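Here's a quick briefing to read alongside the model.

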Amino acid sequence: MSNGQKRTWWKEAVIYQIYPRSFADSNGDGIGDLGGIIEHLPYLQELGVDVIWLSPVYKSPNDDNGYDISDYQDIMTEFGTMEDFDRMLADAHSRGIKIVMDLVVNHTSDEHAWFVESRKSKDNPYRDYYIWKDAKDGKEPNNWQSCFSGSAWQWDEATGMYYLHCFSKKQPDLNWENPKVRDAVFDMMTWWCEKGIDGFRMDVISMISKDPAYPDGEVKDGIYGDMSPYVCNGPHVHEYLQEMNRRVLSRYDLLTVGEAAGVTIDEAKKYASLDGKELGMVFQFEHTDCISQGEAVVGKWNHAKPKMPAVREILNKWQLELEGKAWNSLYWDNHDQPRAVSRFGNDAAEWRVLSAKMLATCLHMMQGTPYIYQGEEIGMTNMHFTGIDDCRDLEEINAWNQYVVDHKMVEPEEMLKCFDAIARDNARTPMQWDDSSQAGFTTGTPWIGVNPNYKEINAKNALADPDSVFYYYQKLIRLRHANPVIVYGTFRPLMMDSETIYAYQRELEGKVLTVACNWTDQEQPCDLFEQGGEELISNYKEHKAGVLQPYEARVILK
Ligand code: TEU
Ligand code: CA
């Protein structure tokens, strides 16, 4: 390419994330499974995605819905068997769809054989597979709070020491300083690559190297200290990833994306540098965490509406500063985030479809690899929490117990407003396939409630409506496949003085793509399209000179 970009399949691909537990249940037990995924591969082939990122399907006690792995080389009982996995892999490949696995190696389940051994005795050969510390003044080794509330240290009576868990106490952190841990992880990764998978999404990979001093963190919520400066982007993280690349990744043609909590632009230039020494790209979290000062209720919890100028500032920064140096991932939501149209758009009946298409346009015309989260392609929305009993996610439940019940820092109604806005369960309600009972997700009782709006919002209705969000995403995917300027073009912000319109230009080998998106429910002035050009896509059939209509998105190629 003229701008020095090396053409690569995973730069030109569109990725679809499946959260298997909530995607499709094929045996009536109310839990999604591999059989359900196989049944719906034709749907994904119709959408036109190139890759499926599969959230964890390995053996797990499901304390954190599969992100607590007890056997990396066996399939979770609820999801099926390794034969089912092999069948799904072969079927997907036969349809031209690649499979990327979720690699969770910052921690294991406490039921993993390594941890079962490690906690047996201080001199057990597996002891140093994990991070054990003595009590300090009769208490936890430091004041860190886990991401799932409570101390990040768990006392273990058997050997009279604490072990570190940045997440739940059933997710003990692996000790990556131990070369035996790295050997074991790399061997397991090679085993999956030899099975023919096409890449890895790496869970909290920026956290695998901790500050060896384990210092106390800043106390922000009045209870525990913030561990993030001491567990994110640690002293050896790039060394470990370069070793992983040398010993595994470089031997296969893989898509690799690091979920990089706390990543900065400078760190991303190392994690995702174009020289291919570490990973292909990273997920950053600035745009999903961007609320104004004073809008936080407690910790991550808030019910603020992100403002377009703040989102634009962040995404433009990532577009401009990684250009020519590292590769971007592009996403609005995933299994940890609320539904895009509810958070960034407008899920009121009048505006849901228009704003979902607008958001899709705004993101998919940017530089980077786009990710679609299951249900995003039909404009699924957040759920409404009537009470803690609606919650299944331990992050919500533990936060409720810590902030509402134990410390009485937040009123129940205020916490439920936060759950309505940003709880992870918003993205984990069952995929809405049709208007039959339980939205066609299961013939049994679903593990989590179906969003009551499934009668109107479902894949069957979407496939029957040529103007649905589904066919709009299908067209965006086709445009990316057909126009190198979308993948490899430079990025130039436009209309930076506008508080309501997000506009930018992409350019490659003389082709100029102009994109403008109205993020409001009002007409807004915009004269970018007066000079004509080929309209590639818009969510309106008719346009008005000099303005963008409510939630209107337009893309012109000249
Ligand atoms: O998420 C890590 C992570 O940063 C999120 O949990 C985040 O802390 C919060 O949920 C959103 O603000 C990864 C996985 O994606 C998540 O599902 C797991 O629970 C977690 O790691 C532990 O494996
Ligand atoms: Ca099932």
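What follows covers the surroundings of the ligand and then the helix packing. Keep in mind that this is a predicted model. Ligand 1 has 16 residues around it, and the protein buries 91% of the 490 Å² that the ligand exposes when taken alone.

**Around ligand 1**

- Among the 16 residues around ligand 1, the ones that come nearest are Asp64, Asp203, His335, Asp336 and Arg424.
- By residue class, the shell around ligand 1 splits into 9 charged, 4 nonpolar and 3 polar residues.
- For Asp336, one of those nearest residues, a side-chain N or O atom sits 2.4 Å from an oxygen atom of ligand 1.
- Glu259 also has a polar side-chain atom facing the ligand's oxygens, at 3.1 Å from one of them.
- With Lys300, the distance from a polar side-chain atom to an oxygen atom of ligand 1 is 3.3 Å.

**Helix pairs**

- Two packed helices are described by the angle between their axes and by the distance between those axes.
- Helix α6 (residues 179–194) and helix α8 (residues 237–247) have axes that come within 10 Å and cross at roughly 40 degrees.
- That angle is why α6 and α8 count as oblique to each other, and α6 passes α8 in a right-handed crossing.
- For helix α13 (residues 394–406) and helix α14 (residues 412–422), the axes come within 11 Å and the crossing angle is roughly 155 degrees.
- An angle over 145 degrees counts as roughly antiparallel, so α13 is roughly antiparallel to α14.
- The α13 and α14 crossing is right-handed.

Conventions: Residues numbered from 1 in each chain as written. Chains lettered and ligands numbered in written order. Predicted model: local features only at pLDDT ≥ 70, side-chain atom pairs only at ≥ 80, totals over all residues. Heavy atoms only, no water. Near = heavy atom within 4 Å. Polar contact = N/O pair within 3.5 Å; in protein donor to acceptor, adjacent residues only side chain to side chain. Areas by Shrake-Rupley, 256 points an atom, 1.4 Å probe, with all protein chains shown as cover. Nonpolar A, V, L, I, M, F, W, Y, C, P; charged D, E, K, R; others polar. Axes fitted to C-alpha atoms, helices over the stretch in contact; angles between N-to-C directions. Helix = DSSP H or I, 4+ residues; strand = E, 2+ residues; numbered from the N terminus. Parallel < 35°, antiparallel > 145°, perpendicular 65-115°, else oblique. Left-handed = near helix turned anticlockwise from the far one by under 90°.
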